[in-house]
Amino acid sequence: MIRAVLWDVDGTLAETERDGHLVAFNQAFEALKVPWRWSETRYGELLAVAGGRERLLHDMQSQERAPADPRERRSLAERVHRLKNEYYARIVAGGGLPLRDGVRELMLDCGRAGCRMGIVTTTSRSNVEALLETHLGQGWESAFAAVVCAEGAPIKKPDPQAYRVALDTLRLASQEAVAMEDAPAGVAAAQAAGVPVIITRSYYFPATESADALAAGPSLGRTDGWRPTADAGSGRIDLKQINRWHTQSAWTQSQ
Ligand code: XBP
């Protein structure tokens with residue numbers, strides 16, 4: 001039996017990138033009179049860079065109208081990022097970012113089975129708070145035995161730092177936990193820390209694959225389209241299914 005489920009946030013718990021961060025970045029650009037906007041496609045390309053501020057600084061390298069002075073760039077990136085996070089919180093509070101199908105149900109499974117949960121993200125803590133307080137209520141943090149955000153693990157995914165901090169906090173060996181991830185960088189981070197991964201593909205990462213993943217599929221809310229196949233019984237990916245995949249893979253590895 002696995003002893004903890006470690007949740008990535010952006011793209012895994014909710015489609016926060018397309019419907020949250022991107023929209024909020026463009027609102028911040030407008031409010032601060034930054035003379036460019038990001039399209040959905042451009043933002044998809046920029047997601048190769050983890051971290052909102054880092055993403056913005058990366059984009060400025062090819063923006064003709066970005067400030068030439070590196071200090072001015074950093075200061076502009078700080079201001080945009082801060083305001084972006086405020087707009088993001090408003091979008092979340094306004095109901096614009098529902099949890100993805102099957103997420104709440106799997107969290108409830110964990111609660112019932114006494115399987116601990118952790119948040120493992122390199123997004124800012126304020127964004128995690130906004131999202132989880134909206135969906136799980138003010139006491140959301142009591143549902144998680146570890147909450148690791150950018151502030152506690154500043155080296156962004158694909159670096160394994162965030163997963164290592166979570167395992168230390170939970171005092172677990174890596175194989176006792178399972179990571180839920182959508183993007184290649186997150187999958188790489190978990191695997192580099194030795195944590196088995198379940199891939200739930202998302203809007204921006206519809207084709208994430210890994211030969212070493214426990215399983216990969218389109219959504220926790222459905223049982224079709226998964227590899228290895230999932231039991232169709234409950235109509236969703238439940239904790240029993242995750243334990244089955246985990247046991248199968250442990251058995252496979254020992255052969
Ligand atoms: C999340 C990110 C973040 C978000 C924006 O990665 O890459 O940069 O896009 O958040 P993950 P911030 O959840 O996979 O760790 O603006 O707070 O950085």
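Strand E6 (215-217) and helix H9 (239-254) each contribute at least two residues to the lining of the second largest pocket; helices (H or I, at least four residues) and strands (E, at least two) are DSSP runs numbered from the N terminus. The model is predicted: local features need pLDDT of at least 70 and side-chain atom pairs count only at pLDDT 80 or more, while totals for chains, interfaces and linings use all residues. Residues are numbered from 1 along each chain as its sequence is written, and side-chain values use heavy atoms, with hydrogens and water left out.

A pocket is defined on a 1 Å grid over the protein atoms alone, as an open set of points where a 1.4 Å probe fits, with protein on both sides within 12 Å along at least five of seven lines; lining residues have an atom within 4 Å of a point. The second largest pocket holds about 330 Å³ of space, the volume being that filled by probe spheres set on the points, which are joined across faces, edges and corners. Its lining comprises 18 residues, with Ser210, Ala211, Asp212, Ala213 and Leu214 nearest the centre. By class, 9 of the lining residues are nonpolar, 6 polar and 3 charged (nonpolar: Ala, Val, Leu, Ile, Met, Phe, Trp, Tyr, Cys and Pro; charged: Asp, Glu, Lys and Arg; polar: the others, Gly among them).

The largest pocket has a volume of about 530 Å³. Of the 32 residues that line the largest pocket, Glu17, Ala50, Gly51, Arg55 and Thr122 lie nearest its centre. At least two lining residues come from each of helices H1 (16-31), H3 (52-60), H4 (70-93) and H8 (184-192), and H3 supplies the largest share, 4 residues. The lining of the largest pocket consists of 9 nonpolar, 11 polar and 12 charged residues.

The ligand sits in the largest pocket, the criterion being that more than half of its atoms lie within 2 Å of the grid points. Elements giving two or more residues to the shell around the ligand are H1, H3 and H4, and H4 gives the most, with 3 residues. The ligand is surrounded by 18 residues, of which Glu17, His81, Lys84, Thr123 and Ser124 are the closest (a residue is near if one of its heavy atoms lies within 4 Å). This shell divides into 2 nonpolar, 10 polar and 6 charged residues.

The protein covers 95% of the 450 Å² of accessible area that the ligand has on its own (Shrake-Rupley method, 1.4 Å probe).
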